[in-house]
2 protein chains.
Amino acid sequence: MTESPHDPLRIAYLGPAGTFTEQAAVLFAGDNAHPDFVAYSSITASAEAVAQREVDVAIVPFENSLAGAVGETHDLIIHQLNLFIVDELIIPIEHCLIAAPDADTSEIRVIYSHPQALGQCQRYITRRFPDARTEATLSTSQAVARAIEVGDQVAAIAPRRAAVLHSAEILEIGIEDDHRNATRFVVLAHNDHDPTGDDKTTMLFSTANRPGALLRVLKHFADADINLTRIESRPARERLGSYLFLIDCDGHRSDPALANALERLEPELDRLRIIGSYPKAPRP
Amino acid sequence: MTESPHDPLRIAYLGPAGTFTEQAAVLFAGDNAHPDFVAYSSITASAEAVAQREVDVAIVPFENSLAGAVGETHDLIIHQLNLFIVDELIIPIEHCLIAAPDADTSEIRVIYSHPQALGQCQRYITRRFPDARTEATLSTSQAVARAIEVGDQVAAIAPRRAAVLHSAEILEIGIEDDHRNATRFVVLAHNDHDPTGDDKTTMLFSTANRPGALLRVLKHFADADINLTRIESRPARERLGSYLFLIDCDGHRSDPALANALERLEPELDRLRIIGSYPKAPRP
């Protein structure tokens, strides 16, 4: 990134406010004096806003520790937009039980939330509120708004930030069934990041119809003593059974060891695209 | 499979009738004299019916040539149920424009379909019916039922089979934007398939915290001259950044070359589970 922390920074995210993506956007903005958060209605729309230069960066969910790769984000990085990853952020997915302030919550009859959040808290709901009915909303933020509207005997499941933004009351924190649930967000921009000394690089390559290509790629990295942290296969969209590979490795693309490995690798591949080098996120 | 084509065969699938999954189920039943098709409301429910022995097999979507791995199916195979893959089927995803018989279709004002099908035909809709409104339904089958109910000036987008089942009229065939769209279904059962001479094997292995493990696995297969047709990484659900790998290779697990490779491989891995050997589907 070339922006200094004192430039105004326009940050696109999947809205509405109060989602985990907004939480990642706030974390990314950090000590920037003038962050300008712009909510979009989809992951793709937020990334396209970067391509159209309506905003500087977009924060998009990339992978989740339970559900795996976020397909929409991978498809737009691979097939649609020529953007770089400039940073990554890891956000623990922590859900709260939320109600209207001063509501009567002695008996909860209805629990509102996005279907994904209801699914992530299913065992909690069955154990604590066996007689409650769940009702799906379009976002966790809408669930909180609905709980405030109805008031008594209802609750919403949403991130803590949604309760703060709606001035609602948090009844319980960390009600998700699986506490190992975390999402890795990436920040898309027109350029990637300068070296920091503790970086990561994401690259895309195509093996087309050469079956041993993945093995040769892995061997190149192993010989150069470069640690691979993720290998993800995605459809090449040519036919069923043809794949592209997205690889994350330790190091910046300008580090001599990685730069040399990439140079030796390139002639062996049909296609090699560096999606970006960026600082490693601290593990939560 | 131990069933002969003359045994009654109970086949679970994601309903309602008229979906691509039902089409795969019909293809799988083949010349079985007494197939008994049972519709379930989710992929997981249909697979659990096999585990509970309510049915003999379940037909589930496994991967799509455009969208990639079907997360729900992968999660239940890997993390929830101890079932085998006994067969695979490849179904081209072909959509039709469908209307009520004798309806006035000189002007189409509303097009009903499942959001996924609407997305797969978006360019077609914009080009052919720029003024039509799209309306989401819970399934493509429901879209056809709705089009028949309303009658004039509306249409549905659904597979050809949905039109046949509802005795509706097909106005146009093959309206999907991308004709390379195909879905690979797998058949889940309590046992896998006997060797046929042209088979495939799916296996799951865990590399836990040993970064070079995938390279060693690939090298074992390359040394044994065994062709890998798919490598898919999935979250190990331990922490962000830990993965399991699902590999498809040519051959039956009882073929000497593959059996030897697996025997040499096993001691090097934390975990190796054969998900099944089964006949290769013909490419469409």
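**A strand pair, a sheet and an interface**

Leu228(B) stands opposite Cys249(B), a residue of β14(B). This is a predicted model, in which local features need pLDDT of at least 70, side-chain atom pairs count only at pLDDT 80 or more, and totals for chains, interfaces and linings use all residues. Residues are numbered from 1 along each chain as its sequence is written, chains are lettered from A and ligands numbered from 1 in the order written, and side-chain values use heavy atoms, without hydrogens and water.

Strands here are DSSP runs of E, at least two residues long; helices are runs of H or I, at least four. Strands pair if DSSP finds at least two bridges between them.

Now widen the view. In chain B, 4 strands form an open antiparallel sheet, ordered β13-β14-β12-β15. Its edge strands are β13 (228-235) and β15 (271-279), each pairing on one side only.

Next, the interface. Chain A and chain B each bring 34 residues to the contact (heavy atoms within 4.5 Å). About 2700 Å² is buried between them, 58% of it from carbon and sulfur atoms. Buried area is the accessible area (1.4 Å probe) lost on being put together, summed over both parts. Leu215(A), Arg237(A) and Leu240(A) supply 25% of what chain A buries against chain B, more than any other three residues.

What does the rule find for salt bridges across this interface? It finds 0 (Lys or Arg side-chain nitrogen within 4 Å of an Asp or Glu carboxyl oxygen).

How values were computed:
Buried area = accessible area lost by both parts, 1.4 Å probe.
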